[in-house]
Amino acid sequence: MEQIQAEMAALNSQIQILLEERAALTINNVISAENDSPQAMVEAYRRQARENAQLSVELQGIDAAIAALEGQIKQKQGKLVRRRSPSETSQVESKELIQQQQLEEAKEVAQVHAQRINQLAGELAAEVRFLKACANQLSPMYWQIYYKPFITGFKTISVPYVRSDGEVWTIVNRIV
């Protein structure tokens, strides 16, 4: 019985790793430096568009692997329930199993939200970089006309990012 529980924990760990990999793949990877030429920026976005077809297939593969692992977990949960003798099976154990299933379902929902936060953080970081590039371009002219900066505070701009070590989730701020 303990072996099955250990196998289930290993499967859950593998699912968590796949979910993290999936989240990392969905983050917008087009990073533009301030000094990039317009042609370099266009090429970066074109390269990302070409790679998106491969990314889509890879994400589908990860989703299929997660579904297969979740199927194995359900099989092992069924084995656990069948192996227990009638005297061992009690209301407390069935409540624990139900709570564990509810916890796993809630974690999956939270994972979806965490992935979306990370995706939006990547998009927001890119937009902040673009705004910073515009500000760097406008600032000299703005100083000449208004005698003050166009935009300030770029050194402290951060976006949230959700990460996990497999058990504990942490929300950190990444400086853009």
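Trainee: Where is Tyr-147 placed?
Mentor: Tyr-147 is in the loop between helix 3 and strand 1. Keep in mind that this is a predicted model.

Trainee: Is Tyr-147 buried or exposed?
Mentor: Tyr-147 counts as exposed, because its relative accessibility is 67% and the cut-off for exposed is over 50%.

Trainee: What about its phi? I mean the phi of Tyr-147.
Mentor: The phi of Tyr-147 is positive, about 60°, although the residue is not a glycine. Most residues other than glycine have a negative phi.

Trainee: Ok, zooming out. What does the secondary structure of the chain come to?
Mentor: The chain has three helices and two strands. Starting at the N terminus, the order is α-α-α-β-β.

Trainee: And what is the mean pLDDT of the chain?
Mentor: The mean is 80, and 87% of the residues reach 70 or more.

Trainee: Where is confidence lowest, and where is it highest?
Mentor: The lowest is helix 2, residues 38-83, with a mean of 78. The highest is strand 1, residues 158-164, at 87.

Trainee: Now the helices. Where is Leu-19?
Mentor: Leu-19 is in helix 1, which covers residues 2-26.

Trainee: Buried or exposed, that Leu-19?
Mentor: Leu-19 is buried, because its relative accessible area is 14% and buried means under 20%.

Trainee: Which residues does Leu-19 touch?
Mentor: Not counting residues up to four places away in sequence, Leu-19 touches Ile-66, Gln-111 and Gln-115.

Trainee: Let's follow Gln-115 then. Where is its place?
Mentor: Gln-115 belongs to helix 3, residues 91-146. Gln-115 is buried too, with a relative accessible area of 11%.

Trainee: And which residues is Gln-115 in contact with?
Mentor: Leaving aside neighbours within four places in sequence, Gln-115 is in contact with Leu-19, Arg-22 and Ala-23.

Trainee: How far apart are Leu-19 and Glu-108?
Mentor: In sequence they are 89 residues apart, and in space 9.4 Å from C-alpha to C-alpha.

Terms used. Residues numbered from 1 in each chain as written. Predicted model: local features only at pLDDT ≥ 70, side-chain atom pairs only at ≥ 80, totals over all residues. Heavy atoms only, no water. pLDDT = per-residue confidence, 0-100. Helix = DSSP H or I, 4+ residues; strand = E, 2+ residues; numbered from the N terminus. Buried < 20%, exposed > 50% of the residue type's maximum accessible area, 1.4 Å probe, protein only. Contact = heavy atoms within 4.5 Å.
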